[in-house]
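Here are my notes on this one, as promised.

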Amino acid sequence: MDKISIPIGPQHPLLKEPLSMKIDISGEKVLGGSLRLGYVHRGIERLAQQRTYVQDLYLIERICGICSHIHTTTFCRAVEALLGIEIPPRAQYIRGLMCELERIHSHLLWLGIIAKHIGLDTIFMHTWHDREMSLDIMEEISGGRVLHAVNQIGGVRIDLDQEHYEMIRRILKKLHSQVEGLLDVFETEPAAMARTKGVAPLSTELIKSYGVVGPIARASGVNFDIRRDDPYPPYDQIDFKVITHSGGDAWARTFVRVEETRESVNLCESILDNMPDGEVSVRVPRRVPEGEVIVRSEAPRGELFYYLRSDGSDKPARLKVRTPTLSALSLLPIQLSAINVADIPVVLAGVDLCVACADR
Amino acid sequence: MIRSLFYLFVFPGFIFQIICGLTFEWIDRKLLARFQRRVGPPWYQPLADLIKLFSKEDLLPERANDAVAALLPLISLSAVLTAGLYIPVAGFSPYSFEGDLIVVIFLMSVPTLAYYLAGIVSVGIYSILGGGRSLLQFFSYEVPLLITLSGPAILGGSWSVAEIMHAQVELGPFIIYQPLGFILAVVGLIGKLKRDPLDIPKATSEVVGGSLTEFSGVKLGIWHLVMNVQAVVGIFLLVDLYFGWTKLANPLTSVSIFIIESLIIAFTLSVTSAIFARLRIDQLAGLGWKVLVPLALLQLGFVILMGV
């Protein structure tokens, strides 16, 4: 058959964010593909240099609509490191709680998308319904479903009371049983297994040579998690499991993400159990002393990297953000060879694209 | 004259079948919504959608063949409506003749071929991909479906749907003798209707809208109507072939039984579309030729042995 080139994006039912791919196919076989990025580039790193640190907080929260909290957390940690202050333990725990709720919501969102792409619309509807629970908690304690504005330099803006604890525990219990059910579907439903098992496998060596991080790397047997390997509070005081799988295919990526969701629900519970009392923020000076710092956090999609340089003024001299999606995107052309046209959605979804994060 | 016009246009012809088609669409959408924790559309939604599509602008790409693209949905609609005329509805079949089962099966294949051609004449990349897929799918489900549907014909000793239906008054419903055949026929029907999990030719995430990607307005509306009427005709066919028709003293009871039997099949279609993931085209071809065909032959062999 002749070679046909099909365009996927910038607008396509498959994509939630703009991204352009040209995929060469012959019949139902995919020969290869090329990628074009930059449709949502907003120049955020440059904009951050023109604003004060406090204003930057609100700018950086808008890098991504799914993992907005982890971006501000990492930024605050960078600024606090330059200031040389330690935030109160209670603030650290509230930040951690929000991070884990965000991970639950991000992973469930992704699960729904992969279910939709393989034609399991029912699971899509159910996971997005369950995801609402974690959004409800976040809305209840911070006032925002997507942009929470919880962090401030020197602590957090919100505090939890006894009613919050009870509400969160009640919802988490419900969420726990729902996640168990989801795992059951992806582990036993034959058609879902047939669509994901053995699709676009990635070897450990390939993952390491491309520097891919997060659930994709862990699904290929790379045992790496910033929360455990470069711990920051509150993760240095709490026990949790790092989920890995040696499969490396689309099914392993699904498995890792569902298991991580379950682990995050447990983590939320133990954060609540160990929540210390006290203040939630400290006063900080407006100007940040000269210096530079690198901070890493574990975002839902993997390692999030911030480089911050200060020249002693109230505005950053340079801010560099490296998001996990970019490294995963670099593997996309390799994954898009020797598969079926029907596997394109599975491969694309497996990357867990966050184009807004990658473009900034 | 007036009587045959009534048969053609009111019952069991045009108007009745279109009403049934829209009702089926509503039941299907409502059930699916309830399975997915949604509320679902009100009863008039399919009709409202149809009116909306009919009032919209009709556009096709510049290089597309407009006349053929307009003709294809009309041919498909007339084919499925004609097929519906030969299928007894609640035991009533004015045009039944010996061999109409074969005519019905032939007419039911017309929309699939028209769907393939629609993909080719509307020249979109996704349309051509979807069209090619629909033909591949056709070859995967049609053979087991044909073998399966010959089971009731052999058991009933006739190739007329009405005769097969009446034969079940004596022998009892054929689903008792051919439970496997019934399941295979439902799978074949799902493939024919391109419903989830066999909606490979129109999988949104893979080929956007399949053959109908470039269609809009009246043409798309008629295509939707074709799919719904085809579903109803297929359901009535399965009810006649596998459940039969029992004429009771009270006609209302017999009609209710027919409606309930149709609803059971409609419910089965909705449940399967809700709980299964979409197959890949190579997986479907494997399923069709390695699993469905041997099973259909097994069922056919059993029926022939029983006849002897």
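**Notes on the model**

1. Let's start with charge. A:Asp136, A:Glu139, A:Glu140, A:Asp161, A:Glu163 and A:Glu166 come together as a negatively charged patch on the surface. Two elements of chain A each supply two or more of its residues: H5 and helix H6 (162-188). H5(A) has the largest share, with 3 residues, while A:Glu166 sits in helix H6 of chain A.

2. Some ground rules before going on. This is a predicted model, where local features need pLDDT of at least 70 and side-chain atom pairs count only at pLDDT 80 or more, while totals for chains, interfaces and linings use all residues. Residues are numbered from 1 along each chain as its sequence is written, chains are lettered from A and ligands numbered from 1 in the order in which they are written, and side-chain values use heavy atoms, leaving out hydrogens and water.

3. On what counts as a patch: members have over 30% relative accessible area and no salt bridge, with like charges joined within 9 Å and nonpolar side chains (Val, Leu, Ile, Met, Phe, Trp, Tyr) within 5 Å. Accessible areas are Shrake-Rupley with a 1.4 Å probe, and for residues only the protein chains shown count as cover. A salt bridge is a side-chain nitrogen of Lys or Arg within 4 Å of a carboxyl oxygen of Asp or Glu. Lys and Arg count as positive, Asp and Glu as negative, with His and the chain ends not counted; a charge is placed at NZ of Lys, CZ of Arg, CG of Asp or CD of Glu.

4. Back to H5(A), residues 121-142. This helix (a DSSP run of H or I, at least four residues; strands are E, at least two; both numbered from the N terminus) has 22 residues and spans 31 Å from first C-alpha to last, close to the expected 32 Å. The expected span is 1.5 Å times one less than the number of residues. Just after H5(A), A:Gly143 has a positive phi of about 95°.

5. Now the sheet in chain A. Two strands pair here if DSSP finds at least two bridges between them.

6. Going across that sheet, S1(A) and S2(A) pair over 5 bridges, with A:Ile8 opposite A:Met21. S2 (residues 20-26) and S3 (residues 29-36) of chain A are joined by 7 bridges; A:Ile23 faces A:Gly33 and A:Asp24 stands opposite A:Gly32. Their hairpin has 2 residues between the strands, and A:Gly27 takes a positive phi near 65° there. S3(A) then pairs with S9 (residues 339-340) of chain A over 2 bridges, where A:Val30 is opposite A:Ile339.

7. Chain B has a nonpolar surface patch with about 990 Å² of accessible area together, and its members include B:Met1, B:Phe6, B:Phe14 and B:Ile19. Helix H1 (2-9) and helix H2 (14-35) of chain B each give two or more residues. H1(B) gives the most, with 5 residues, and B:Leu8 is found in this helix.

8. Last, some backbone items to look at. The A:Pro233 to A:Pro234 peptide bond is cis, omega near 5°; A:Pro234 is in the loop between helices H10 (226-229) and H11 (250-273) of chain A. B:Asp196 to B:Pro197 is also cis, omega near 0°, with B:Pro197 in the loop between H8 (179-193) and H9 (204-207) of chain B. B:Val123 has a positive phi of about 50° although it is not a glycine, and lies in the loop between H5 (100-121) and H6 (125-156) of chain B.
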